[in-house]
Amino acid sequence: MAVYALTGFSLVSLLSFGYLSWDWMKPSLVADVATDPMEKALPPTFSRPPHIIFILTDDQGYHDVGYHGSDIQTPTLDRLAAEGVKLENYYIQPICTPSRSQLITGRYQIHTGLQHSIIRPRQPNCLPLDQVTLPQKLQEAGYSTHMVGKWHLGFYKKECLPTRRGFDTFLGSLTGNVDYYTYDNCDGPGVCGYDLHEGEDVAWDQSGKYSTFLYAQRVSKILASHSPKEPIFIYVAFQAVHTPLQSPKEYIYRYRSMGNVARRKYAAMVTCMDEAVKNITWALKKYGYYDNSVIVFSTDNGGQTFSGGSNWPLRGRKGTYWEGGVRGIGFVHSPLIKRKRRTSWALVHITDWYPTLVNLARGNLSNVPGLDGYNVWPAISEGKESPRTEILHNIDPLYNHAKYGSLEDGFGIWNTAVQASIRVGEWKLLTGDPGYSDWIPPQTLTNFPGSWWNLERLTNGLRKSVWLFNITADPYERYDLSDQRPDVVRTLLMRLVHYNRTAIPVRYPAENPRAHPDFNGGAWGPWASEDDGEEWEGGGEPLKSRNKKKKKCKICKLRSFFRKLNTRLMSNRI
């Protein structure tokens with residue numbers, strides 16, 4: 001990872017460059033008292049249910065969109081956001097599975113048992129089967145539902161697959177990280193397999209096609225074959241811009257002047273994804289969907305800074321509970337929005353899309369009580385106050401406990417060694433180990449950081465297990481107020497205690513050797529029967545694949561491994 005010289009700029013210099021000049025000092029657009037999501041589910045006044053396109057990108061950093069001042073070209077996202085509503089108080093989760101599970105269920109991780117890490121390819125684990133998913137609710141409302149892209153919500157048995165969880169069709173990967181061309185994924189040395197699926201079958205014939213293009217083309221085909229008179233929901237979960245850093249050469253050439261190789265490749269991937277969104281938008285217009293459509297764009301977590309991403313000027317990165325890990329890029333574009341072309345500072349969380357979209361679809365939420373999400377459409381479309389006043393970022397009892405945390409530090413009501421984070425109104429509290437806490441300037445500006453960045457990175461986090469920030473006044477999390485405001489700390493700790501009482505046990509089973517792709521013809525896929533429980537072990541010898549593509553794939557695995565290794569070495573060296 002790059003280490004930058006800590007000279008040359010003061011905080012005043014940063015302000016003069018415009019990096020810290022965004023208007024974060026808007027009043028908090030939240031109600032004083034949160035109401036139940038069911039109470040807000042008033043049907044919109046559309047003549048018919050809208051078509052819903054939900055676009056989720058992977059590992060795109062907060063700084064990595066044109067309208068946030070990025071050096072990366074995203075003309076389509078910039079235009080769609082400018083013509084719609086930008087969500088500048090929008091929160092997601094710090095890693096892949098948690099964000100996806102909360103989008104699909106409308107519930108916090110603590111209420112699905114997925115509060116620790118991600119679902120690994122060899123774990124007998126998936127999104128709990130008792131959860132009624134967003135696409136299932138939309139199917140009930142008469143929608144045709146389709147998923148294109150990355151699932152990453154478990155697949156150890158067929159009941160876990162997207163086509164069993166509410167999607168009529170699926171084209172994409174089941175795991176969290178595949179090669180963009182070969183669709184290989186290695187979950188450790190020698191544990192490699194192909195991961196591109198069409199429905200519940202392995203899509204061997206699609207190998208060699210760049211995933212960003214493939215997924216956009218599939219969306220166009222779905223729209224072309226469907227009638228715009230019937231409502232449709234398409235969930236487009238791009239693999240981009242997660243590692244490995246791969247892009248067609250013509251996109252890399254645009255950024256040939258970038259000195260940081262990882263940033264150059266990453267930028268190319270973002271721009272390629274932007275063009276894919278352009279093609280999807282064009283297809284909506286071509287086939288007659290656009291005028292009655294709602295397009296939602298969201299990132300899934302913060303950018304990974306050692307893989308080219310940037311969350312500047314926010315603190316932290318992917319995998320952390322600092323703002324750089326959990327504040328997302330989000331906007332809504334739709335001809336149906338009443339107040340367009342504006343920026344919303346209403347507090348919105350990724351769980352809110354479940355009740356919001358089901359409400360837009362005129363669906364029924366009465367049989368899914370206890371949602372953690374709120375219907376935020378009035379806040380988005382009409383500029384009304386958000387019904388949300390707080391966000392539980394997470395409570396992870398399995399994460400490494402902070403060395404200096406204790407029950408005593410938590411006023412005897414909370415063990416501050418436990419990793420947790422919550423926002424209530426303008427206040428944000430973190431306990432335990434929140435993760436890597438530096439501010440990482442854009443990788444192309446090699447001598448940029450100012451004195452305050454240097455001071456904070458040297459002094460913050462030493463022998464601490466509690467942090468408190470007024471996140472409205474201090475969105476960069478520079479001024480820890482935990483010592484000055486113990487009253488607020490105690491209040492927020494009580495909210496953590498409240499949420500923790502509602503948590504269900506963590507679902508994080510041991511890896512199962514039966515999941516090895518060699519038992520499945522060389523591809524990742526379900527390995528347990530419908531009657532098998534999570535502790536099923538299985539047995540037998542690896543099956544010899546009769547598919548020639550599997551042997552060809554062995555070479556791809558080596559290439560993929562060395563590509564990833566080279567990318568990591570280059571990003572560490574530059």
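Welcome! This structure holds 18 aromatic pairs, and the model you have open is a predicted one. Let's visit a few of its rings.

**Stop 1: Phe 54 and Trp 353.** Select these two residues and look at their rings. They form an edge-to-face pair, with 5.9 Å from centre to centre and 75 degrees between the planes.

**Stop 2: Tyr 108 and Tyr 499.** Which parts of the chain does this pair link? Tyr 108 sits in the loop between helix 3 (96-105) and helix 4 (134-140), while Tyr 499 is in helix 12 (residues 486-501), 391 residues apart. Tyr 108 has 3% relative accessibility and so counts as buried; Tyr 499, at 10%, counts as buried too.

**Stop 3: charges over rings.** Select Arg 256 and Tyr 253: the charged end of Arg 256 sits over the Tyr 253 ring, 4.0 Å from its centre. Then try Lys 464, which lies over the face of Trp 467 at 5.6 Å from the ring centre.

**Last stop: confidence.** Colour the protein chain by pLDDT. The average is 86, and 81% of the residues score at least 70. Residues 444-456 fall below 50, though this stretch has 42 contacts in the model beyond near neighbours in sequence. Where pLDDT is low, predicted coordinates should not be read in detail.

Key:
Residues are numbered from 1 along each chain as its sequence is written. This is a predicted model: local features need pLDDT of at least 70, side-chain atom pairs count only at pLDDT 80 or more; totals for chains, interfaces and linings use all residues. Side-chain values use heavy atoms; hydrogens and water are left out. pLDDT is the predictor's confidence in each residue, from 0 to 100. Contact means heavy atoms within 4.5 Å. Rings of Phe, Tyr and Trp (its six-membered ring) pair if their centres lie within 6.5 Å; planes under 30 degrees apart count as stacked, over 60 as edge-to-face and the rest as tilted. Helices (H or I, at least four residues) and strands (E, at least two) are DSSP runs, numbered from the N terminus. Buried means under 20% relative accessible area, exposed over 50%, partly exposed in between (1.4 Å probe, protein chains only). A charge sits over a ring if NZ of Lys or CZ of Arg is within 6 Å of the ring centre and within 35 degrees of the ring normal.
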